[in-house]
Each structure stands twice: as structure tokens, then as C-alpha cells.
Amino acid sequence: NIQGNEGVVAILEIYKDVLTVKEVQAILKIGRNSTYRLIKDNKIKHICVGKKIIIPKQYLIEFLQTNT
């Protein structure tokens, strides 16, 4: 279990400030469909740039803090 903001940030330190769906999938250790479902259901906030979906790291941190 991730404890507090420091633990979440430490895990994500190696990643850039904006994540791809594949990176989120790897971080959460879940499948492609599950990742897209979280995005589609707006459980993980995201930004669409054309057809590309990007996830600012802060949005993933917020998701992890409210869902762990």
C-alpha cells in the first residue's frame, strides 16, 4: 500500500510530467483494456490531444491517492 504523497511521488519520479496510456498501464500493472476503462470512466483524469490521450503525472497521483 502506498503511504502518503511522498511514496506516490517517489515511485513516479523516473517518469516525465506527462504520461502515455502505456506508461500508466505499466505503473498500475493492469491491462490495456482496464487502463482505457479507467480513462473512459474519467476515474483517471486525462487530456485528449487529437486522437492521443495523455495523462499529466499529477492526475495519476490524484488517482492513486484516492484509490489506494
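Tutor: Two strands pair if DSSP finds at least two bridges between them. Strands (E, at least two residues) and helices (H or I, at least four) are DSSP runs, numbered from the N terminus. The model is predicted: local features need pLDDT of at least 70, side-chain atom pairs count only at pLDDT 80 or more, and totals for chains, interfaces and linings use all residues. Residues are numbered from 1 along each chain as its sequence is written, and side-chain values use heavy atoms, with hydrogens and water left out.

Start with the pairing. β1 and strand β3 (residues 52–56) run antiparallel, joined by 3 bridges. In this pair, V18 faces P56 of β3.

Now the whole sheet. It is open, has 3 strands in the order β1-β3-β2, and pairs them antiparallel. β1 (18–20) and β2 (47–49) are the edges; each has a single partner strand, so one side of each lacks a neighbour in the sheet. Neighbouring strands are turned by 40 degrees against each other on average, direction ignored.

Next, the helices. α2 lies across β1 and β3, at about 85 degrees to β1 (axes are lines fitted to C-alpha atoms, for helices over the stretch in contact; angles run from 0 to 180 degrees between N-to-C directions). Helix α4 (residues 57–66) packs on the sheet and touches β1, β2 and β3 (contact means heavy atoms within 4.5 Å). The direction of α4 makes about 65 degrees with that of β3.

Finally, α2 has a helix partner. The axes of α2 (residues 21–28) and α3 (residues 32–40) come within 9 Å and cross at roughly 110 degrees. The contact involves V21, V24, Q25 and L28 of α2, and R32, T35, Y36, L38 and I39 of α3.
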